[in-house]
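Dear colleague,

I am handing over the structure we spoke about, and the sequence and coordinates are shown just below. My notes on what was found follow after them.

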Amino acid sequence: MAIPLTGANFGREADRFLDGSATKIGNLRRAIATDALEQLIQYTPVDTGRAKGNWIASIGEPSSNYDADQMDPSGEMTRSTGTAIIKQPNWRYKNLWTKDFYITNNTPYIGYLEDGRSKNAMLGFMSARTKAFLDAKYYGGATLV
């Protein structure tokens with residue numbers, strides 16, 4: 001009798017063999033992705049809420065979507081939608097070994113905001129601030145104030 005070690009079955013067998021390590025790794029990856037999404041949404045400057053509303057979490061490949069009508073000045077809907085994607089049931093068994101998380105924003109002017117060209121945005125709000133937060137929380141690095 002053969003037991004295929006592919007897909008969900010492989011993940012479960014690996015997790016059993018590694019004494020729950022696969023589950024811990026999956027949970028850690030989810031926590032990091034959720035925190036990154038939170039930071040990006042929190043520090044995106046708001047005029048109309050279009051840039052904040054177009055943060056998209058995905059697994060496996062970056063999203064190419066952009067919705068000019070999607071406005072979320074508070075970021076709550078964007079946060080809720082992204083978190084639901086990151087925390088999909090059974091994600092760790094299907095994707096832990098082969099899939100990456102992506103958080104994308106295809107708003108045409110997002111690069112200008114990152115470059116500090118908005119009076120409401122500091123330079124590097126996406127890259128520097130999010131990286132510093134994640135480094136401080138997960139790797140013991142310094143944090144930006």
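Where is Asp72 found in relation to strand S1 and helix H4? In this model, which is a predicted one, Asp72 sits in the loop that runs between strand S1 (55-59) and helix H4 (76-86). Asp72 is buried yet takes part in no salt bridge, and the nearest side chain of opposite charge, that of Arg79, is 6.7 Å away. A polar atom of the Asp72 side chain does, however, lie 3.4 Å from the backbone nitrogen of Glu76. Leaving aside residues up to four places away in sequence, Asp72 touches Gly49, Lys52, Gly53, Met77 and Thr78.

Arg79 is itself paired with Glu76 in a salt bridge, with the closest N and O atoms 2.6 Å apart, and both residues lie in helix H4, 3 residues apart, or about one turn of the helix. Arg79 counts as buried at 16% relative accessibility, whereas Glu76 is partly exposed at 49%. These two residues and Glu38 are linked in a network of salt bridges. Also in H4, the residues Thr78, Arg79, Gly82, Thr83 and Ile86 are buried. Seen down the axis of H4, its buried residues fall within an arc of 120°, so they line one face of the helix.

The count of salt bridges comes to 5. One of them joins the side chains of Arg29 and Asp100, at 3.5 Å from N to O. Because Arg29 belongs to helix H2 (residues 21-43) and Asp100 to the loop between helix H5 (91-95) and S2, the pair ties together parts that are 71 residues apart in sequence. Another salt bridge, between Lys131 and Asp135 at 2.6 Å, lies within helix H7 (residues 127-139), where the two residues are 4 apart, about one turn of the helix.

As for strand S2 (residues 101-105), Tyr102 lies in it and is partly exposed, with 28% relative accessibility. Tyr102 and Ala57 are 45 residues apart in sequence, but their C-alpha atoms are 5.7 Å apart in space. Ala57 is among the residues that Tyr102 touches, as are Ile56 and Ser58.

For the chain as a whole, there are 7 helices and 2 strands, which follow the pattern α-α-α-β-α-α-β-α-α along the sequence. Of the 145 residues, 38% are buried, and the chain exposes about 8600 Å², with carbon and sulfur atoms supplying 55% of that area.

Key. Residues numbered from 1 in each chain as written. Predicted model: local features only at pLDDT ≥ 70, side-chain atom pairs only at ≥ 80, totals over all residues. Heavy atoms only, no water. Buried < 20%, exposed > 50% of the residue type's maximum accessible area, 1.4 Å probe, protein only. Contact = heavy atoms within 4.5 Å. Lys, Arg positive; Asp, Glu negative; His and termini not counted. Salt bridge = Lys/Arg side-chain N within 4 Å of Asp/Glu carboxyl O. Polar contact = N/O pair within 3.5 Å; in protein donor to acceptor, adjacent residues only side chain to side chain. Arc of directions from axis to C-beta. Areas by Shrake-Rupley, 256 points an atom, 1.4 Å probe, with all protein chains shown as cover.
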